[in-house]
Amino acid sequence: MNVEISDLTRRFGRTQAVAGVSLETGPGVFGLLGPNGAGKTSLLRMMATVLPPTSGRLRLLGRDPGSFRPRREIRRRLGYLPQSLGYYPGFTVAEFVEYFALLKEMPPGQVPRAVATTLEQVGLGDKARAKLRTLSGGMLRRAGIAQAIVNQPELLLLDEPTAGLDPEQRVAFRALLRDLGQRATVVVSTHLVEDVGAACTEVALMERGKIVFHGSPAELIARGEDTAAAGDAPLERGYSAALAMARSATPTPAVTKAPTVTKAPPA
Amino acid sequence: MTAVTAAPARPRAPHAASAAPLAAARLLRIELRRNAMPWILPLIAALFWFDSYRPSTSQPPLYLLRTFWNMGQGHTIIDFGPFVAGVAAWMGSRDGRRHTRDLVTAAARARYAAQLVTWAATAIWAVGAYLVFVGVMFAVYAHQGVAGEPPWWWVAVGATAVAAFSAAGFAVGAFFGSRFAAPLAAFAGFFAMAESSQTGFRDDSGWALILPTNSNGNFQQDSGIFYHYLPDLPIARLMLFAGITVAALGLIGLPARAGSSWLRWTAAAVTVAGVAAAGTAVGLASTARLGPEGIVIPVLHDAASDQPIRYAPVCGRAAGVPVCLNPAYQRYLPEVTAALAPALREVSGLPGAPVRVSQVGALYDNGDGERGQAMTISGHPPVLSLPLGALGTLPGPDGDHGRPGATKAFDQTLGLMFARAFVGAGNGAGTPAQQAVQAALMQGMGIPMAAQPSVLNLGPPSWAPASKSASGAVYAAARRLAALRPAARQAWLAAHLTALRSGQLALGQLP
């Protein structure tokens with residue numbers, strides 16, 4: 001298993017963003033669905049080793065990210081696209097991707113070729129020398145995807161990767177995801193259920209910091225059958241039905257008193 | 001976007017330690033190319049031109065005097081410091097402003113290492129620009145025939161100060177990752193320099209000597225001409241700025257996100273070492289004392305630094321007497337010989353009259369300041385030692401501001417100094433008999449007695465006469481001596497010169 005999560009929690013003051021998530025997944029494309037504030041981004045940031053868990057157990061690529069050396073090994077094999085992509089406007093697209101390739105400790109000799117290949121993959125080959133400040137929102141998103149996959153990651157974490165992409169680009173991106181999922185674990189956090197249906201082999205639904213559904217897209221679709229759940233497509237109806245079921249079964253409060261931190265945050 | 005043919009995961013090459021320098025070099029290349037510092041350099045260049053270079057050109061063409069303003073008083077640092085701190089803060093706050101902290105933190109290379117590369121690029125631009133600007137200024141000076149040794153130690157101090165401003169500014173940006181970090185750091189840099197300037201003007205000893213704008217005692221009258229610029233204080237200042245640089249860079253490595261605990265402990269040790277170095281430098285400065293060739297810090301002082309600079313003198317003649325100057329003063333030889341000729345003619349043939357005039361290095365006089373050093377006549381045969389650099393004024397169009405009357409003031413100052421040396425008045429007012437003979441000699445040189453009280457004011461206060469006007473017993477005796485026929489006056493001087501110089505002659509014993 002590339003991702004092994006057991007009873008993982010994360011608090012921000014009095015707010016519990018992730019409330020005891022347990023999850024295991026191997027190679028393939030894993031979709032993480034959920035409404036705003038469900039805790040998807042916090043979970044992804046913990047998996048990206050930038051946010052230490054408050055408690056629980058997290059193992060990535062067979063290593064414990066709580067220790068420095070394993071964490072460094074994980075990061076060398078990690079690709080991460082944050083929800084809100086930060087970038088340096090004065091960098092060219094190629095420089096931006098090269099910069100992060102070098103930060104990921106790719107062998108310097110392999111970097112130029114890897115950058116060129118990756119930019120072709122995301123359709124920015126002809127924009128390699130363009131400054132990031134001149135790119136459209138969709139192109140910036142693709143530049144962000146390029147920096148995430150330039151090191152051929154074994155664990156790829158994508159937070160809302162298709163936001164800002166036009167329909168044609170989204171179709172192409174899903175193909176890319178399917179391809180990447182053949183050799184790596186790709187975790188995609190998204191609002192867009194059609195992305196999940198088209199690219200994911202496995203899907204989890206988060207609500208109030210917990211995973212309320214975990215299964216295949218077909219199983220999620222099955223949840224919506226024979227119900228009056230809202231949605232235009234079968235997957236949307238499954239999503240709505242699973243969410244409604246979780247909400248009816250769980251009491252509302254998302255804000256609880258902060259417990260004692262049980263795990264020291266990693267550096 | 002293109003889906004590439006599925007391929008098995010490539011076996012990952014083990015991380016080679018030898019690849020780290022190459023990777024760092026490539027990161028540095030990107031950072032150098034995309035650094036914000038070049039954008040501010042035209043503004044700094046303009047400021048440097050108007051504040052550091054132009055005012056210096058009004059000084060005589062000696063490195064010592066030209067660089068007293070821009071290096072001694074730290075104007076080159078003032079011109080760079082606040083801007084460099086501001087831009088460095090802008091670069092340091094980049095991850096905060098651009099929301100890239102998560103991206104950088106999720107990478108294998110420690111965030112601290114990435115930040116150090118960004119700082120290095122910023123500092124390379126800033127320090128490089130400083131060295132280029134100073135280099136161009138020195139090249140222009142050389143083209144203008146500026147003489148003496150350039151103050152290389154002070155250039156090193158300036159470059160290190162710029163590095164310290166960049167490190168401090170970067171640290172501000174790293175801890176306060178907002179757009180306000182840059183103006184905050186720039187203002188703090190400006191405030192620090194303003195305070196440093198004020199303290200530098202006020203305090204001429206103790207710890208305050210460590211301040212980069214404190215010129216007291218750093219640039220002696222003949223530094224780089226007769227003797228080297230003493231490196232003691234520059235070394236202390238280098239320690240201070242290197243310490244600030246190291247401490248600021250160490251601070252950046254302390255937060256949890258910076259990297260491993262080992263790296264953070266190292267950063268903490270580096271911070272402590274930097275603070276210790278800066279503190280030691282301040283402590284060393286407080287032990288400084290003023291020597292004849294500049295600031296001496298006993299712990300740092302190397303006796304080899306006291307060795308004089310060798311030179312072949314350039315000589316002319318005044319009233320038949322050879323007058324020899326350091327080649328740095330060669331352009332003033334005609335004015336010096338012209339100014340000394342009347343004095344040498346006046347005493348020509350007398351026992352004790354100098355047979356040679358030789359320039360000596362001006363030594364800093366702690367009591368009287370820049371003009372406290374007198375001419376002396378000593379040796380057998382007698383040689384007049386001329387501390388030209390101690391005059392505080394130089395003649396001619398390349399002289400002291402080229403102001404009207406500068407040449408006349410120079411001639412009168414030399415005449416006054418010569419007369420005082422001849423009568424043996426030393427550095428005080430002299431005995432009444434010495435004052436009277438001095439006045440008679442000066443009249444013989446063409447300085448009327450009525451004008452002499454004001455001429456005496458060209459010297460230090462200790463030379464001031466008792467009377468503000470050319471009257472009283474001293475001037476009465478002087479007029480009697482001056483009224484004698486030249487042969488009689490010379491005969492009297494020949495008979496009484498030894499007693500006069502030893503201060504044993506009373507005013508009543510004059511003819």
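Some ground rules. Residues count from 1 along each chain as its sequence is written, and chains are lettered from A and ligands numbered from 1 in the order in which they are written. Because the model is predicted, local features need pLDDT of at least 70 and side-chain atom pairs count only at pLDDT 80 or more, while totals for chains, interfaces and linings use all residues.

Start where the chains meet. 47 residues of chain A are in contact with 37 residues of chain B. Contact here means that the C-beta atoms of two residues, placed from the backbone, lie within 7 Å. Which elements of chain A each supply at least two residues to that side? They are helix 2 (68-76), strand 5 (78-81), helix 3 (93-103), helix 4 (111-121) and helix 6 (167-181). Helix 6 of chain A gives the most, with 7 residues. By class, this side of chain A has 23 nonpolar, 9 polar and 15 charged residues. For the classes, Ala, Val, Leu, Ile, Met, Phe, Trp, Tyr, Cys and Pro count as nonpolar, Asp, Glu, Lys and Arg as charged, and the others, Gly among them, as polar. As for the elements, helices (H or I, at least four residues) and strands (E, at least two) are DSSP runs, numbered from the N terminus.

Stay in chain A. Look at strand 6, residues 155-159. Is strand 6 of chain A mostly covered or mostly uncovered? Mostly covered: 5 of its 5 residues are buried. Buried means 20 or more other C-beta atoms within 10 Å of the residue's own, exposed means 12 or fewer, and partly exposed is in between, with C-beta atoms placed from the backbone. In a regular strand the side chains alternate between the two faces of the sheet. Here, L155(A), L157(A) and D159(A) point one way, and L156(A) and L158(A) the other way.

Now its partners. Strand 5 of chain A runs parallel to strand 6 of chain A, joined by 4 bridges. G79(A) has L156(A) as its bridge partner. Strand 7 (residues 185-190) of chain A is also parallel to strand 6 of chain A, with 5 bridges. There, L158(A) is partnered by V188(A). Strands pair if DSSP finds at least two bridges between them.

Next, Q83(A). Q83(A) sits in the loop between strand 5 and helix 3 of chain A. It counts as partly exposed because it has 15 C-beta neighbours inside 10 Å. Leaving out residues up to four places away in sequence, Q83(A) touches T41(A), D159(A) and E160(A). R45(A) is 38 residues from Q83(A) in sequence, and 9.8 Å away in space, C-alpha to C-alpha.

T49(A) is not a glycine, yet its phi is positive, near 65 degrees. T49(A) lies in the loop between helix 1 (40-47) and strand 4 (55-60) of chain A. With 25 C-beta neighbours inside 10 Å, T49(A) is buried. R208(A), also not a glycine, has a positive phi of about 50 degrees. R208(A) is in the loop between strand 8 (202-207) and strand 9 (210-215) of chain A. R208(A) has 21 other C-beta atoms within 10 Å, so it counts as buried.

Over to chain B. An open sheet of 5 strands runs in the order 3-4-5-7-6, with mixed pairing. Which strands are at the edges? Strand 3 (314-318) and strand 6 (376-378) of chain B, each pairing on one side only. Strand 6 of chain B pairs with strand 7 (residues 383-386) of chain B in the antiparallel sense, over 3 bridges. S378(B) stands opposite V383(B). P381(B) is in the loop between those two strands, strand 6 and strand 7 of chain B. The peptide bond from H380(B) to P381(B) is cis, with omega near -5 degrees.

Last, a helix pair in chain B. Helix 1 (residues 19-33) of chain B passes helix 7 (residues 111-143) of chain B. The contact is made by A24(B), L27(B), L28(B), E31(B) and L32(B) of helix 1 of chain B, and V117(B), T118(B), A120(B), A121(B) and I124(B) of helix 7 of chain B. By class, that contact has 8 nonpolar, 1 polar and 1 charged residues.

Definitions and conventions. Axes fitted to C-alpha atoms, helices over the stretch in contact; angles between N-to-C directions. Left-handed = near helix turned anticlockwise from the far one by under 90°.
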